[in-house]
There are 2 protein chains.
Amino acid sequence: MAKEEKEFVKEITPRSQDFSQWYVDVILKADLADYAPVRGSIVMKPYGYAIWESIQAELDRRFKATGVQNAYFPMFIPESILSKEAEHIEGFAPEVPWVTEVGKEKLPERLAIRPTSETIIHYMYSQWIQSWRDLPVVLNQWCSVVRWEKATRPFLRTTEFLWQEGHTAHRTEEEAEARTLQMLEVYRSFVQEHLAIPVIPGRKTETEKFAGAVRTYSIEALMGDGKALQAATSHNLGQGFARVFDITFLDSDGQLKHVWQTSWGASHRLIGALIMVHGDDRGLVLPPRVAPIQVVIVPITTKKAKDEVLERARQLAQDLGKRFRVKLDDREEQSPGWKFNDWEMRGVPLRLELGPRDLAANEVVLVRRDSGEKISVSQTGLLDVVAEVLESVQESLFLKAKRFLEENTRSVSSYDEFKRVLEERRGFIRAGWCGESTCERAIKEETGATIRNIPLEGSEPHGETCLHCGQPARHVVYFARAY
Amino acid sequence: MAKEEKEFVKEITPRSQDFSQWYVDVILKADLADYAPVRGSIVMKPYGYAIWESIQAELDRRFKATGVQNAYFPMFIPESILSKEAEHIEGFAPEVPWVTEVGKEKLPERLAIRPTSETIIHYMYSQWIQSWRDLPVVLNQWCSVVRWEKATRPFLRTTEFLWQEGHTAHRTEEEAEARTLQMLEVYRSFVQEHLAIPVIPGRKTETEKFAGAVRTYSIEALMGDGKALQAATSHNLGQGFARVFDITFLDSDGQLKHVWQTSWGASHRLIGALIMVHGDDRGLVLPPRVAPIQVVIVPITTKKAKDEVLERARQLAQDLGKRFRVKLDDREEQSPGWKFNDWEMRGVPLRLELGPRDLAANEVVLVRRDSGEKISVSQTGLLDVVAEVLESVQESLFLKAKRFLEENTRSVSSYDEFKRVLEERRGFIRAGWCGESTCERAIKEETGATIRNIPLEGSEPHGETCLHCGQPARHVVYFARAY
């Protein structure tokens, strides 16, 4: 390896040395995003935004398959509307930016920039919904929202962030609960299948639920440093907002009733999860389904064989481009070694090398980003081989992350052991909990760990006791320190 | 026609009676949008948003084919950055909303909500661009922006609006001008081919150009009431912003130089144009390429033949759904006649009727929204026939709009005639102009007409004189009253 190349790779802080710095290094070096001149804000650069476009396209497709329609509501919410639901405004008020003037004029009423859009959307629903025939209403919007958080971190917690928010209204409580769980399942399957990130679906505790919800569900993932990340949430809002915003419908039995509601969202923090679940010391590792570039072709030219190699490389790029997202790196000013490092850092799942000897043998060299495995394969039938390898990379990344999650999920028998695991190895800790928020809060204050969720499966206690108070456990839950 | 149906159609004010009211009626009745509880703002409802999604998808595809990449920049622009370019801030200042506080805290510096993003994007470009190898930078973002306009109108001029804004940086002046014209051509071909709206591409006068641009180009369309609408703009920014934001690069000759820049945008006002160019007294008329629903299937059931008709209708919906965007309207509570009116109002290009007699004859009835023409065709080979009819509707709508534009474009020989045409018939008026902004302003004040643009073709004078001062014309230009 030439000196220049070694230095190039060295620019990324090793994960083991400083995970936080490694994370930021990957974001900046792989050109995913940059810091913006607004507190806690980032600019999503083309490579990062292309990942977001892939997330959007696939999630949107899965939403629409369940009957979701997209719409767009204003970013401004008048103070009187944002303040209508008491718990909701209490939860968001400290983080809300207010527009107070336009040009040189003071506004008669302050306008909030949306932290989430329940209030303004429900205000409209109260006008649109009259009869049971108008139900269900199942809308989603792709937009940005703003929350002025104290500690910010690119993709994970930024002042402004890109997300989608779904908002529904239903005729019955059962239908609303079914939609809440249906969307949780959409998130679970999307995150596992498209992003290759294993998650634990479950219900949030009363303390951790959304401001204004009856029940909040989440999917929780485990990052490479053993901290958990809430990857998406789905809320059953009950009739709370419906009462406050007076969203009623005439049912077929002639009765005027309040609707039952849900909301659910996922944001660009999923990109943060991708980095922290799959990345390594060489940089980003992207699952093929979400990778903006799935195959990079690096021609290895000699003075003698330059034209032929380049011509064949272009032909391969064109052929592969019919089925895959392909990039031909024919920059002349960079060496092949430099390019290898560069594309590895950017997480491209598969590299295809083509030199004069490969050309003569009608072969190419394929190098997997995840394992570094290198194989020579025939150019004949290449598309099918590439498809297989990409599928295999997708599967391997998921299995590797799943193994990591399993190996870093521990059951503990005492509070001391709980604290020791948190200090030494982090990860998820399965433990009994009495169901009281006093214990939950005490654990959080004493250890920094929160209950991530009460899992949909396996939360039934079998003789466990509460980690903190020793009373019989009501649920077996997942604890972790979290982003 | 039953009484109920007649009343239903009557709800839309006739175009000839009150074009403005007709426009708003169509938007509200066709469920494209609704008024929001924020001054001058609308909610885009699913049907309107689906049109926007089609516009986005097709325009985005055409952008990317020219090398455009998407990115995302923050909506907040610190006052110090927005104010850097003098003409720019002067142009936008009166319309800018300011965030002055967050929660209960005053901000140290006011943050503008972006009216457009030249300033914050150029601020980032100054950090990203170092060498000629970094050029060109050709980025676009899809987002919403805010301008606090005095008179608002759904889709055409709203406080917050959805749009895309492209921002580029180039090595040479020629390359920037070529990109400016290339994007104008992307807009022209997109609007004509996808939206079936004929436009006049040309250059804006000094008075009408974008705040901070060297040259602004536009495409101008003619609405059904004879008023013009600027459908998209493309700006050559020269080096003005580059100097202010210090965007320099080291060229291959070793010299440090300022980049040359462009910006270009189109917004959801294109939906307003669709309504006003193609709509009629029955409501919306959508060109098939942009229509969220291209074919609506209305089964006409009798008690005896209900199941068979519905089953066949479902089968047809499935078959047609493979190639077209299809809706089966099998609502039981509405009559076929009611449905016909409803889908006509919503502008669905093609209606397919299927009754017991059609079933027996292996036929369906096709009814075109644009002409009302009704034909019986065989169910065998239906997909190809539907494809042909939709193509024909697309073409007819464009030709009809083109004829309207041509018939409403007049050359005048005197200022009196000019004023008479504006009063009586509006439309575009081709006339000579001396090139002085004094004449341009006087005409605007006296008649309300502005120079829409100096057309790319045919602006060379052949003996014409200026409409206002009588001096030899420098250009032959298009005048109109405009939205």
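## Two chains joined strand to strand

Let's start where the chains meet: strand β5 (residues 97–102) of chain A and β5(B) run antiparallel and are joined by 5 bridges. Within this pairing, Glu101(A) sits opposite Trp98(B) of β5(B). Keep in mind as you look around that this is a predicted model.

Now widen the view to the whole contact between the chains. Chain B contributes 41 residues and chain A contributes 41 residues. On the side of chain B that touches chain A, the largest share, 6 residues, belongs to strand β5 (residues 97–102) of chain B. What kinds of residues make up this side of chain B? It divides into 29 nonpolar, 6 polar and 6 charged residues.

### A set of paired strands in chain A

Next, find strand β11 (residues 228–238) of chain A. Is this strand mostly covered or mostly exposed? It is mostly covered, with 10 of its 11 residues buried. Strand β11(A) pairs with β10(A) and is also joined to β14(A). The table sets these two pairings beside the one between the chains.

| Strands | Direction | Bridges | One facing pair |
|---|---|---|---|
| β10(A) and β11(A) | antiparallel | 8 bridges | Thr216(A) and His235(A) |
| β11(A) and β14(A) | antiparallel | 5 bridges | His235(A) and Ser263(A) |

His235(A) is a handy landmark here: it is the bridge partner of Thr216(A), and its own partner in β14(A) is Ser263(A). If you follow the chain from β10(A), residues 215–222, to β11(A), you trace a hairpin with 5 residues between the two strands. In the turn of this hairpin, Gly226(A) has a positive phi of about 85°. Strand β14 of chain A covers residues 260–267.

### Chain A as a whole

Along its principal axes, the C-alpha trace spans about 85 × 55 × 50 Å.

Chain A is divided into domain 1 (18–278), domain 2 (295–389) and domain 3 (409–480). The centres of domain 1 and domain 2 of chain A, taken over C-alpha atoms, are 41 Å apart.

How much of chain A is buried? Buried residues make up 48% of its 483 residues. Among the contacts in chain A with a separation of 6 or more, 68% are between residues 24 or more positions apart.

Note on methods. Residues are numbered from 1 along each chain as its sequence is written. Chains are lettered from A and ligands numbered from 1 in the order in which they are written. This is a predicted model: local features need pLDDT of at least 70, side-chain atom pairs count only at pLDDT 80 or more; totals for chains, interfaces and linings use all residues. Two residues are in contact if their C-beta atoms, placed from the backbone, lie within 7 Å. Helices (H or I, at least four residues) and strands (E, at least two) are DSSP runs, numbered from the N terminus. Ala, Val, Leu, Ile, Met, Phe, Trp, Tyr, Cys and Pro count as nonpolar, Asp, Glu, Lys and Arg as charged, and the others, Gly among them, as polar. Two strands pair if DSSP finds at least two bridges between them. A residue is buried if 20 or more other C-beta atoms lie within 10 Å of its own, exposed if 12 or fewer, and partly exposed in between; C-beta atoms are placed from the backbone. Domain bounds come from an automatic or database domain assignment.
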